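This report concerns one protein chain and its fold. Please consult the sequence and the coordinates shown here before reading on.

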Amino acid sequence: MIKGDTDVKPEIDNDLGLYLPKSTLKVEPIIDDTTLRDGVQMPGVAVSPKNTAHIAHLLDSIGVERIELHHYQRQDKKAIKLIQDMSLNARIAGWCRALKSDIDDALKSDFSEVGISHPVSHIHFKTKWQEKTEDELLERVVDTVEYASRDHGLGVFVHGEDSTRADWKFERMFINAVADAGAEVYRICDTVGVGLSSSNAPLPNGIPTKIRRIKKETKIRGIEIHAHDDLGNAVENTLSAIKAASGLFQRIYISTTFLGIGERAGNAETEKVIMNLYLHYGVKKLESTLGKLKETADFIKYATGVTIPQNKAIVGDYAFAHESGIHTHGVLKNPASYEPFPPELVGNTRRLTIGKQSGKAGIGYKIKLILGRTVDRCQLDTVVQKVREIYEDGRKASLREEEFRKILQDVGLT
Ligand SMILES: [Zn+2]
């Protein structure tokens, strides 16, 4: 909530079905949120165990089906215990490097699933293990996967780090080797956000092509997408993976972070992917929990200290704010004219703000909201003039509620 703003209730309900034709997915999308692993790796972010547990609770309540967690530090272990005690519907998974000691650590925290991360691109091999051959690297991963799945009965996802810059011949061998070793799912990691969403973009960074080639040329049963946002394409790339997996895989895991928080430019936003799945593909299982998206955003903002831009899609305070004359006029007649869906759907609020762009319709409506009556044309003109004068002096921000009330008082309306 923005202090001093007046919430505006819709006068005409939007009919989403009327305006948006839906496509059908022949794959089950499963949100595998990594806010509490990749998200909290964002510089300057540290979340307490108690708040970590509450974020996990909120993620569970918005339909996240798998939550990825760190488990190395004492604070991480404390948070895991709190989360396990909540008996969430969501599965929880520990993030590991391809090291048996990491698997041992995950076992100590009673995880039944782990994600094992290992690079698949030669850029990473050269940077990290110049002296090792491809075979030696493969052996390292295979040994760890077997140790986790065969020796300890853990469910195993393997994350192909930097998949979008990998040599396909090696990546294919890697996927088949980990599948043979017991991995259930292969995660395509677009680690530096260079993936492309178009259906015919070639390997290594054409994401739909990679999904099709994985299905055709490897034995892995499950697939996952993890897209970073360095070029602003993370959500689109995530959706392109889902579309490509449709009809090929039974389910696709979608690794995202709430608000897109994460390393550098962050990840695909959980809330954006959820809304796209709901609006464009009619994914019903997410419908009943959409109303908690704004609450989840606000708590994550509080717990992490991350600033949410006011115009952040879906969950920003001004994601449904209207100020210009044309927009305000349209929204007052029919909110659907300038909104894709009603803010209440995601727990957000419609706001009519008064500022530089405000016209008579918006200002008149605001006066009516405050006074409970309409004013005559001359009085309205006086208020409009007063507002204009404030902005002629170089003011940028919208007026706070109390400032607008003061104008009404100054012109003798209250
Ligand atoms: Zn990542």
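The structure is a predicted model, in which local features need pLDDT of at least 70 and side-chain atom pairs count only at pLDDT 80 or more, while totals for chains, interfaces and linings use all residues. Residues are numbered from 1 along each chain as its sequence is written.

**Overall architecture.** The C-alpha trace spans about 85 × 45 × 35 Å along its principal axes. The secondary structure comprises 15 helices and ten strands; these elements are DSSP runs numbered from the N terminus, helices being H or I with at least four residues and strands E with at least two. Of the 414 residues, 43% count as buried, that is, with 20 or more other C-beta atoms within 10 Å of their own, the C-beta atoms being placed from the backbone. Among contacts with a separation of 6 or more, 74% are due to residues 24 or more positions apart; a contact requires C-beta atoms, placed from the backbone, within 7 Å.

**Barrel.** Eight strands close into a barrel with parallel pairing, in the order S1-S2-S3-S4-S5-S6-S7-S8. From one strand to the next, the twist averages 25 degrees. Strands count as paired if DSSP finds at least two bridges between them. S1 (residues 28-33) and S2 (residues 66-69) run parallel and are joined by two bridges. Aspartate 33 has isoleucine 67 in S2 as its bridge partner.

**Domains.** The bounds tabulated here come from an automatic or database domain assignment.

| Domain | Residues |
|---|---|
| domain 1 | 21-304 |
| domain 2 | 321-410 |

The centres of domain 1 and domain 2, taken over C-alpha atoms, are separated by 43 Å. Seven residues from domain 1 and five residues from domain 2 take part in the contact. On the side of domain 1 that touches domain 2, helix H11 (residues 293-304) gives the most, with three residues.

**Helix pair.** Helix H13 (residues 360-371) and helix H14 (residues 377-392) pack at an angle of about 110 degrees, and their axes lie 10 Å apart. Axes are lines fitted to C-alpha atoms, for helices over the stretch in contact, and angles run from 0 to 180 degrees between N-to-C directions. H13 is therefore roughly perpendicular to H14, a term that covers 65 to 115 degrees. Lys360, Ile363, Gly364 and Ile367 in H13 meet Leu380, Val383, Val384 and Val387 in H14.

Technical notes:
Contact = placed C-beta atoms within 7 Å. Parallel < 35°, antiparallel > 145°, perpendicular 65-115°, else oblique. Buried ≥ 20, exposed ≤ 12 C-beta atoms within 10 Å, placed from the backbone.
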